[in-house]
Every structure is written in C-alpha cells, then in structure tokens.
Amino acid sequence: MTRWRDPAKDPRQEPKSNLITAEGAERLRGILDHLSRVKRPALSTKVGEAAALGDRSENADYTYNKKELNRVIARIRYLTKRLDELTVVDRLPEDTERVFFGAFVTLEDEDGEEMRLRIVGHDETDTGKHWISVDAPLAKALLGRPLDDEVTVAAPGGETTYIITEIAYRQP
C-alpha cells in the first residue's frame, strides 16, 4: 500500500507536455518493439515452463517470471498509449535565433561557467546528456528568448541568472 498524497500538490499529477522529438519517438518505438517481440515471448515461455513443474505456490521461478511478465505487459500498455498521445516535432522552428523545443542552448552563469543543454519532451529527459524537459522551470524561462538574453531562474539555492550564448538546432 502506498501513502496517500494530495492530488492537488502531487508533482506526479502535473500535466506533461505531449511533445517529443523525432529521435525520441523512434527510440520509444524501438523499446516497444523490443518488449513486444523479444522480451514478452521469452518471459511467457519461462512462465509456462515454470508452471509445468508443479506447485506454483512454492515455485520462486514461476513467481518471479510472472511478476516480470506483468511488469513488461504494463510497460507495453503504457508505451502504446503514450505514443498515441505524443506529437512528434519533426521540423525546425521558423525563427532559429530564438529558443524553442528541440534547441541546444549554451548558457553562461554569473561565475562565467558554461552549461549546454537541450530542451526535449518529458519522455526524453536525460540528466547525463543535459537534456531537460520542456516542462522544467529552466526550459520555461528559456522558451522564446533570443541570443544574448539574460534569464533569471528560481533554484533551490536561490535565484540564478544565465546569459544565452548559443542556440543551435539539429536537423530532424
């Protein structure tokens, strides 16, 4: 049982944007294809073999594989539904001198340190690559801003000011 959360204050209930880059949509389709064609049939076979061994109540192999199969089926359902909801952004914006969805943005902070990030959809975020969601506060502050513009963002440690030093887009 999970603990109760107030839906009005739960960050997981915030609406997600339904935008995704063409590369992100292709990656999600690849994951869905792998789960549907490879993982699910393999787990179904394992569950069937474990069930054939007899008593299922004390069969750890059956229990584990059944739970894993249910997890994969739930993931397949989620990806199928999510891919139907998504809007693939497969073209560059008309004004490439401003920050829009899919942009690679280089920011310089007050200390002169540079940070390069990309604004992507919720399903593509990756902190290792510095890809942030279009719904993130920093991305919201950057959207529509031109080159050399100053942006102030509220952060947990206080407000931070950045200067946009470069805007680039990748051809879809």
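Against which elements do the buried residues of helix H1 pack? They pack against strand S1 (19-21), helix H2 (60-85) and strand S2 (87-89), where contact means heavy atoms within 4.5 Å. The model is predicted, with local features requiring pLDDT of at least 70, side-chain atom pairs counting only at pLDDT 80 or more, and totals for chains, interfaces and linings using all residues. Residues are numbered from 1 along each chain as its sequence is written, and side-chain values use heavy atoms, leaving out hydrogens and water.

**Helix H1**
- Helix H1 (residues 22-51) has 30 residues and reaches 42 Å from its first C-alpha to its last, close to the 44 Å expected at 1.5 Å a residue; helices are DSSP runs (H or I, at least four residues), as are strands (E, at least two).
- A kink of about 40 degrees in H1 is centred on Leu35, the bend being the angle between axes fitted to the seven residues ending there and the seven starting there.
- Leu35 is also among the buried residues of H1, which include Gly24, Leu28 and Val47; buried means under 20% relative accessible area with a 1.4 Å probe, protein chains only.

**Annotated region**
- In an unreviewed entry, UniProt lists residues 19-88 as "domain: Transcription elongation factor GreA/GreB N-terminal"; such annotations may be inferred rather than shown by experiment.
- Over residues 19-88 the chain is 80% helix and 7% strand, with the end C-alpha atoms 6 Å apart.

**Second largest pocket**
- The second largest pocket has a volume of about 210 Å³; a pocket is an open set of points on a 1 Å grid where a 1.4 Å probe fits, with protein on both sides within 12 Å along at least five of seven lines, and lining residues have an atom within 4 Å of a point.
- Of its 13 lining residues, Met115, Leu138, Val153, Ala155 and Tyr162 are the closest to the centre.
- S6 (150-155) is one of the elements that supply at least two lining residues each, and S6 gives the most, with three.

Note on methods: Expected span 1.5 Å × (residues − 1). Buried < 20%, exposed > 50% of the residue type's maximum accessible area, 1.4 Å probe, protein only. Points joined across faces, edges and corners; volume = space filled by probe spheres on them.
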